[in-house]
Amino acid sequence: MTDPFPPEVVAQIARHMNDDHADDNVLIVRAFGGVPAATTARMSGLDAEALEFAVAVDGIETPVRVPFSERLTERRQVRAEVVRMYQEACATLGVPPRH
C-alpha cells in the first residue's frame, strides 16, 4: 500500500502541531509513546500508521512513533485521530483537557 500523505501535507500538519499544539504533542508521547519523562516532543512526520516525534528527555532527543488506532487513508482523518489521541492521553495521565 502507498502512503496517502505526500510530503507537503505532512509538513503542513507537522507545522500546525508544533506551532499550535506543542504541549499536546508532549502529552501524547508521555501517554502512548513510552516516554513518560518527555520534556518536549516535536512532530517530525507521519504516515498512514503513526505519528512520528523527536522527543527530548534530559536534553537527549530520540525518535518515537505513536501508532494510530487504525490505518488512515485521508487527510481529514488525521485531525480526528489526533484529537482522539489527545483526549485519551489527558484521561490516561489525569490531566484536564484544555480544548
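1. Throughout this note, contact means heavy atoms within 4.5 Å. The model is a predicted one, in which local features need pLDDT of at least 70 and side-chain atom pairs count only at pLDDT 80 or more, while totals for chains, interfaces and linings use all residues. Residues are numbered from 1 along each chain as its sequence is written, and side-chain values use heavy atoms, with hydrogens and water left out.

2. Secondary structure. The protein contains three helices and three strands, and their order along the sequence is α-α-β-β-β-α. Helices (H or I, at least four residues) and strands (E, at least two) are DSSP runs, numbered from the N terminus.

3. Overall dimensions. The radius of gyration, taken over C-alpha atoms, is 13 Å, which agrees with the value near 13 Å for a compact globule of 99 residues. The globule rule is 2.2 Å times the number of residues to the power 0.38. Along the principal axes, the C-alpha atoms fill a box of roughly 35 × 25 × 25 Å.

4. Surface and burial. Of the 99 residues, 40% count as buried, where buried means under 20% relative accessible area, exposed over 50%, and partly exposed in between.

5. Helix packing. The axes of helix 2 (residues 22-32) and helix 3 (residues 75-93) come within 8 Å and cross at roughly 65 degrees. Axes are lines fitted to C-alpha atoms, for helices over the stretch in contact, and angles run from 0 to 180 degrees between N-to-C directions. Helix 2 contributes Asp24, Leu27, Ile28, Arg30, Ala31 and Phe32 to the contact, and helix 3 contributes Val82, Met85, Tyr86, Glu88, Ala89, Cys90, Thr92 and Leu93.

6. Ala31. This residue lies in helix 2 and is partly exposed, with a relative accessible area of 21%. Not counting residues up to four places away in sequence, Ala31 touches Ala89, Thr92 and Leu93.

7. Asn25. Also placed in helix 2, Asn25 counts as buried at 0% relative accessibility. Neighbours within four places in sequence aside, Asn25 is in contact with Met17, Asn18, Ala41, Arg42, Met43 and Phe53.

Notes
Buried means under 20% relative accessible area, exposed over 50%, partly exposed in between (1.4 Å probe, protein chains only).
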